[in-house]
Every structure is written in structure tokens, then in C-alpha cells.
Amino acid sequence: MNRIFTLFLVFIYIMACNTVKNDTSSQSLNQVWMLVEFNAFTKEYLAAKKAYLDLTQPDRASSKMGCNQLSFSVSVSKESRIVFSNGISIKMYCDDMKLEDSFSQAITTMTSYSVDKQTLTLTAKDGGKMVFVAKDLE
């Protein structure tokens, strides 16, 4: 009886060690994302601005929409919820601030996210969305 119990415990231990953690919620978010779809801005315009969202730091997000560096607090939950708040930026003068201003206002309204392969989609309660691709795919 003792031998069967020991074998059972060894089996459980081996299975636990071989189990791959499948929590991709925050792991897959932890990278730099290039903005490819947002409001009426074209993909070419976003690419020219090198618009990105950096989620590599815990509890902090940074971005650049062609001019100023933006920084936000970020909170992510396992239920695909995301909250951006306390946005700050360096305010340098730039000729074209449309993207930066729109992004700064919209990012704090985003409440959920989904990751499908190398695409991140942020969605707001009002239906607004932002679509990003992993930087290594650009």
C-alpha cells in the first residue's frame, strides 16, 4: 500500500512539472506593440509616425505617437480587463499633434483587451478600439 501511494505521489509530481502554464493574458501583453488601426488614421500614417505602445514594464505603459513620449499606469486582470490611467507626457511642440491628442484621450477609455497570435486589440465600452501588432512583425 505504501509503495502504491509513493508511486502515485511521484506520478503527480512528474505531471505537475511537465504542465505548461497556459496563462497568456499578461505574458503575451508584455512586449512592444505597433499601432496599426485607430480611428480614421491610415495604417501608412501610423507607420510613418512609428506609433507604438510599450507594455514591457509592470504596472507602467509608455507610448510614442510621433512626437512626445507618453506614460500611463496600467492594470491588467485575468478577465481580459485593462485600465490605463494617470497619463503624463513631455510636451514638446510638434507640427502634427492629431494622433497624439486622439490617442491620449482614447487610451484611458479602453477597458478590455484580446490577443490573437501577434495582434493586440484594445476595446472601449463605447465600441472604440485600437489594434496593434507585435513590434517584431513590423
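Predicted model: local features only at pLDDT ≥ 70, side-chain atom pairs only at ≥ 80, totals over all residues.
The strands form an open sheet of 8 members, arranged in the order β5-β4-β3-β2-β1-β8-β7-β6 and paired in the antiparallel sense. Because β5 (82–89) and β6 (110–116) each have a single partner strand, they stand at the edges, and one side of each is left without a neighbour in the sheet. From one strand to the next, the twist averages 30°.

Within this order, strand β1 (residues 32–38) pairs with strand β8 (residues 129–134) over 5 bridges, again in the antiparallel sense, and Met34 stands opposite Val133 in β8.

Helix α4, which spans residues 98–107, lies across β1, β2 (52–57), β3 (60–64), β4 (69–76), β5, β6, β7 (119–124) and β8, and runs at about 100° to β1.

Glu100 belongs to helix α4, and with a relative accessible area of 1% Glu100 counts as buried, because this value falls under the 20% cut-off. Residues up to four places away in sequence aside, Glu100 touches Met65, Cys67, Asn68, Leu70 and Lys91.

## Ser80 in the loop between β4 and β5

Ser80 is found in the loop that lies between β4 and β5, where a relative accessible area of 30% makes Ser80 partly exposed.

Although Ser80 and Thr111 are 31 residues apart in sequence, their C-alpha atoms are 8.6 Å apart in space. When neighbours within four places in sequence are left aside, Ser80 is in contact with Thr111, Ser112 and Tyr113.

Technical notes. Residues numbered from 1 in each chain as written. Heavy atoms only, no water. Pairing = 2+ DSSP bridges. Helix = DSSP H or I, 4+ residues; strand = E, 2+ residues; numbered from the N terminus. Axes fitted to C-alpha atoms, helices over the stretch in contact; angles between N-to-C directions. Contact = heavy atoms within 4.5 Å. Buried < 20%, exposed > 50% of the residue type's maximum accessible area, 1.4 Å probe, protein only.
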